[in-house]
Every structure is written in C-alpha cells, then in structure tokens.
Amino acid sequence: MKKQYNFAVIGCGHIAQRHAIEASKQGKILAVCDANIDKAKFFANQYQCNYYTTLDELLRKEPELDIACICTPNHLHATQTIQCLKSDLNVICEKPMAIKIEDARKMISTSESTGKSVFVVKQLRYYPHIQFIKSLLTNHQLGKIFS
C-alpha cells in the first residue's frame, strides 16, 4: 500500500494552490502558514486543515508532518527550508532555491546533516523551448551573456 504523506504548505499565495493540489494527491494537508491571517484562514478552510501565522508555531504544533512545501517570497526560502529540515521534515522548495549561493550551500549541508531531502521545483526544465535555449547556451551560440 502506498504511503500517504502529511504536508504543510508554507505561504498561501498563488503558487501554493498548485502545491496544495499536488500534495492532496499524495496525502493530506495538515496545516498551512502565512503571515497574512486572512490568506491562511482562507486556505485552511479550502483544505480543511489547521492554519498558522508563524512557521515556529506550525512546527511546534504539527508533529505528524512529513513534508513542507515552501511557497513564500524568495528571500525566505533558505531560512524556512533550513528550519523545516532541522525539524525533521523533507522540503519541496519553490524556485529559486535561495538568493545567495552561500544560502543554497547551507540548505544542502543541512539536508545532508539531518538526513532529510530538499527538492527544488524546476517544472519547466523539460519543456521543448527551454531545452532549445539551454542547447544554445551550452553551445555558446548566443554570444557572451552578461546577465
């Protein structure tokens, strides 16, 4: 029998809906978290789960969680991912993984030290147009890229 996972969705903005839909197919959403209480309540009502306005409280009160979906603004990804990993959760993190390379490295080292996994969403990487651009870049056909 397939394991049913317990999820938390951290951040209740637009992309969180996609995560919640997919998480619901793999298990149950136990909790959501957003600094905006109205967003958190709305999302919680939609998925019949608990809501929180701080990650600390969610992690303290939801011991049955398996996976956290980080759907917050980019600058929060690293700290929240690390906090979840240290709380014994696997993490699915929206892109970008982190703003600074040092933060991405900390995320990876925390994953390794805790034995928990961190997955970064890269849903477009296999789209034909993305593969085409990647091949142009790999083959140096676009000239020098500055940004």
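Predicted model: local features only at pLDDT ≥ 70, side-chain atom pairs only at ≥ 80, totals over all residues.
**The aromatic pair**

The structure holds one aromatic pair. Its members are Phe43 and Tyr47, with ring centres 5.3 Å apart. The ring planes stand at 35°. Planes under 30 degrees apart would count as stacked and planes over 60 as edge-to-face, so the pair of Phe43 and Tyr47 is tilted. Both residues belong to helix α2, which spans residues 37-47. They sit four residues apart, about one turn of the helix. An α-helix has 3.6 residues a turn, so residues three or four places apart point the same way. Phe43 and Tyr47 are both buried.

**Helix α1 against helix α2**

Phe43 and Tyr47 also take part in a contact between helices. In α2, Phe43, Gln46 and Tyr47 meet residues of α1. The α1 side of this contact consists of Ala16, Gln17, Ala20, Ile21 and Ser24. By type, the contact residues are five nonpolar, three polar and no charged.

What is the geometry of the crossing of α1 and α2? Helix α1 covers residues 14-26, and its axis comes within 12 Å of the α2 axis. The two axes cross at roughly 25°. Angles under 35 degrees count as roughly parallel, and α1 and α2 are therefore roughly parallel to each other. Their crossing is right-handed.

**Helix α4 and its cover**

Helix α4 runs over residues 77-86 and is mostly covered. Seven of its ten residues are buried. They are His77, Ala78, Gln80, Thr81, Ile82, Cys84 and Leu85. The table lists elements included in the cover of these buried residues.

| Element | Residues |
|---|---|
| β1 | 5-10 |
| α3 | 55-61 |
| β4 | 67-70 |
| β5 | 90-93 |
| β6 | 118-120 |

Helix α5 is included in the cover as well. After α4 comes Asp88, whose phi is positive, near 70°.

Thr110 itself lies in α5, which spans residues 101-114. Is Thr110 buried or exposed? Its relative accessible area is 9%. Buried means under 20%, so Thr110 is buried.

Notes: Residues numbered from 1 in each chain as written. Heavy atoms only, no water. Phe/Tyr/Trp six-rings, centres within 6.5 Å; stacked < 30°, edge-to-face > 60°. Helix = DSSP H or I, 4+ residues; strand = E, 2+ residues; numbered from the N terminus. Buried < 20%, exposed > 50% of the residue type's maximum accessible area, 1.4 Å probe, protein only. Axes fitted to C-alpha atoms, helices over the stretch in contact; angles between N-to-C directions. Parallel < 35°, antiparallel > 145°, perpendicular 65-115°, else oblique. Left-handed = near helix turned anticlockwise from the far one by under 90°. Contact = heavy atoms within 4.5 Å. Nonpolar A, V, L, I, M, F, W, Y, C, P; charged D, E, K, R; others polar.
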